[in-house]
Amino acid sequence: MDPTLDEFKSLVDLSLDRYLPKEPAWPERVHAAMRYSIFAGGKRIRPLLCLAAAHAAGGAAGRERALSFACAVELIHTFSLIHDDLPSMDDDDLRRGRPTCHKAFDEATAILAGDALQTLAFEIIATDPAGIENPALVLEALTVLARACGTAGLIGGQMDDLKYEGIPATPADLERIHRTKTGALIVATVVGGGLLAGGTPDRVTALRAFAEPIGLAFQIVDDILDVSGDAAALGKTPGKDAKSGKATWVALHGLEASKQRAADLHAQALEALHSFGSEASLLRDLASRIIHRVS
Ligand code: GRG
């Protein structure tokens, strides 16, 4: 019997608990802040995508080899949320339904907790005992992840996201922001999962072709939820992007065109999986969950 996404989520939560330093260990305050943000209730979409991609490419054994990578991506994602919420960036008070890390602790602790989540992410991939079987694959997956985080990925996207607050962005500028700020980590998690699971080059190429439209669609749906979502479900303050003059898909293209583009990207992503059979069912379910989500 195939595993379920709920089983993946439980496994990821248990593993994150195992990887994170315990709170009473020195430096206690940083460890408390790391755990506070990780266990604040995220949807775990990125690690689920990683495990589903690994399952599609390499079955149960593949999934096991991708588990540390899946958790590492969640550590990096949470790090990016902590820094994104800082007063010098988006200045948010609420995240995952709770006070943001710098509100619950303080700015310095939030910066350090974010930094520590990022370094821990690379450490757990590099030290996973399963990697000894094929260190070249681990190196390749690490490179994919580091590039996704760097100036060609999250950092570049975040820089432009801040730059275009209040100044007009062209459709091409906006698509680049969305593909880098949000899409890059989604592509890295799927490709990394496929690689570590021992997927053939053709399968990894198909997984990338699935992840690219889904990564862009993820941020378009986020923009849609910012205008039409519910604060309690979102766990953050809706309407904030519009208020701060951010470049969003809805602001540039309108609500209906945004919904249509998300639907078109969903179809494109599913088409990329045409050579997969039922081994990609979990990936298809996740794609649908991403497009139809309310939080
Ligand atoms: C990674 C090196 C490095 C730097 C980070 C701060 C920064 C640079 C980037 C910010 C990127 C960012 C916050 C993008 C938004 C992505 C997004 C749509 C987040 C919401 O994701 P969900 O809905 O959240 O999956 P949960 O809480 O469910 O995990």
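Author: The following account treats the cavity, then the aromatic pair, and then the charges over rings. The model is a predicted one. A search of the whole structure finds one cavity of 30 Å³ or more, and about 90 Å³ of space lies in the largest cavity.

The lining of this largest cavity consists of Y36, S37, A40, T78, L81, I82, D85, R95, R96, P99, T100 and C101. By class, six of the lining residues are nonpolar, three are polar and three are charged. Helices α2 and α3 (45-84) each supply at least two residues of the lining; the largest share, three residues, comes from α3.

One of the lining residues, Y36, also takes part in an aromatic contact. The structure has one aromatic pair. Y36 and F105 form this pair in an edge-to-face arrangement, with 5.5 Å centre to centre and 75° between the planes. The pair links distant parts of the chain, since its members are 69 residues apart: Y36 belongs to helix α2 (residues 28-38), whereas F105 lies in the loop between α4 (101-104) and α5 (107-126). Y36 counts as buried because its relative accessibility is 15%, under the 20% cut-off.

Two arginines sit over aromatic rings elsewhere in the model. The charged end of R46 is placed over the ring of F218, 4.9 Å from its centre. R203 lies over the face of F276, at 3.9 Å from the ring centre.

Methods:
Residues numbered from 1 in each chain as written. Predicted model: local features only at pLDDT ≥ 70, side-chain atom pairs only at ≥ 80, totals over all residues. Heavy atoms only, no water. Phe/Tyr/Trp six-rings, centres within 6.5 Å; stacked < 30°, edge-to-face > 60°. Helix = DSSP H or I, 4+ residues; strand = E, 2+ residues; numbered from the N terminus. Buried < 20%, exposed > 50% of the residue type's maximum accessible area, 1.4 Å probe, protein only. Lys NZ or Arg CZ within 6 Å of the ring centre and 35° of its normal. 1 Å grid on protein atoms, 1.4 Å probe; cavity = no way out; pocket = protein on both sides within 12 Å on 5 of 7 lines; lining within 4 Å. Points joined across faces, edges and corners; volume = space filled by probe spheres on them. Nonpolar A, V, L, I, M, F, W, Y, C, P; charged D, E, K, R; others polar.
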